[in-house]
Amino acid sequence: MSSRPAPQIGFSFEYLMWIFTRLSGCALYLLALVGFVSALVMGARTQMGVGDLMRWTFFPNSYHVVNTNVPDVDPGWMNAYWNTIQMLVIFFAITHGMNGLRVVIEDYVRRPWLRIFLRGLVFLLWLFMLIVATYVILTI
Amino acid sequence: MALKRNAVFRGLKYRGGGPMLAWLLHRIGGLAILVFVGTHVLSSYFQYQLASELAQSINVIYESVYFQVVLYFFILFHVINGLRIIILDIFPQALEYQREATWLEWLIFIPIYGLTVFIMLQQHFSGG
């Protein structure tokens, strides 16, 4: 039975990504909390439903509040503050997710060449999603 | 890791109980979130930048409350279970209490999920 090489002690890519997954999870928690509290401070309790608030917490994008009773989406819900939070969420969430995808693929793909190829594909997908998400946020 | 046996079908015979269910839901939820976020970002791009109707119908699915209830289950579970994993990784001496931690996690998950879904459905059906 051929298996992947045992993880070495010291700073390897695997180890760093393991740490990053935990740290990005905590960062996403903090960003969600900030988004949730800021939304309530901006008046979300009377201006939108729970589903809308959940959607905003998951990702604070102005499009997520356009169908609510928010009096003015611009500037309260779309400004540099929210853009910064969105960029942070995008970076942490996409990297966290793509690393998770890499782990799942490495768990189930048997052939070494296919694993390496899929790892490359995941890297390209990561880059692609970062670019597309950044573009969508900054230009709409 | 190259396995000679089929991981999915043989794995179902493993009686891992609560912790295994948590691992499974965490993994499936993670993949579901990836698929959702990926397709939603792409279809939003196509809908708003290129005015595509196909993209708009995809986003209509995502706006349905029933889809959101199911997706929210996986998201909330992934989030709460993730926190349990992080805590057990920082304090490995608590690993003896893996099973109790899993019970505690469900005890936290069920009220938050139940209450939120109740409010979401109530607001949906009363025209909110």
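Leaving aside neighbours within four places in sequence, V109(A) is in contact with L114(A), R115(A) and L118(A), where contact takes C-beta atoms, placed from the backbone, within 7 Å. The model is a predicted one, so to speak of local features takes pLDDT of at least 70, and side-chain atom pairs count only at pLDDT 80 or more, while totals for chains, interfaces and linings use all residues. Residues are numbered from 1 along each chain as its sequence is written, and chains are lettered from A and ligands numbered from 1 in the order in which they are written.

V109(A) sits in the loop between α4 and α5 of chain A; helices here are DSSP runs (H or I, at least four residues), numbered from the N terminus. With 18 C-beta neighbours inside 10 Å, V109(A) comes out as partly exposed. The cut-offs are 20 or more other C-beta atoms within 10 Å for buried, 12 or fewer for exposed, and partly exposed in between. A80(A) is 29 residues from V109(A) in sequence, and the two are 42 Å apart in space, C-alpha to C-alpha.

Another loop of chain A, the one between α3 and α4, holds P75(A). A cis peptide bond joins P75(A) to D74(A), with omega at about 10°. Over in chain B, the loop between α2 and α3 (53–63) holds A51(B). A51(B) is not a glycine, yet has a positive phi of about 50°. With 9 other C-beta atoms within 10 Å, A51(B) is exposed.

The largest nonpolar core has 22 residues, and L53(A), V89(A), I90(A) and I94(A) touch the most other members. Such a core is a set of buried Ala, Val, Leu, Ile, Met, Phe, Trp, Tyr and Cys residues joined through C-beta atoms within 7 Å. At least two residues each come from α1 (13–41), α3 (50–58), α4 (80–108) and α5 (112–139) of chain A, and from α2 (17–50) of chain B. The largest share, six residues, belongs to α4(A).

L53(A) also has contacts with A39(A), A44(A) and M48(A), neighbours within four places in sequence left aside. Its helix, α3(A), is mostly covered, with eight of nine residues buried. Among them are D52(A), R55(A) and W56(A). The buried residues of α3(A) pack against α1 and α2 (44–47) of chain A, plus α4 and α5 of chain B.

Within chain B, α2(B) packs on helix α4 (residues 65–90) at an angle of about 120°, with axes 8 Å apart. Axes are lines fitted to C-alpha atoms, for helices over the stretch in contact, and angles run from 0 to 180 degrees between N-to-C directions. The pair α2(B) and α4(B) is therefore oblique, the label for whatever is left once angles under 35 degrees (roughly parallel), over 145 (roughly antiparallel) and 65 to 115 (roughly perpendicular) are taken out. On the α2(B) side the meeting residues include L25(B), I33(B) and F36(B), and on the α4(B) side L71(B), F74(B) and F77(B) are among them. The residues of this contact split into nine nonpolar, five polar and no charged. Here Ala, Val, Leu, Ile, Met, Phe, Trp, Tyr, Cys and Pro count as nonpolar, Asp, Glu, Lys and Arg as charged, and the others, Gly among them, as polar.

α2(B) also packs on helix α5 (residues 98–125) of chain B, at about 60° and with axes 8 Å apart. The contact involves G18(B), P19(B) and A22(B) of α2(B), with W103(B) and E105(B) among the residues of α5(B).

Conventions: Contact = placed C-beta atoms within 7 Å.
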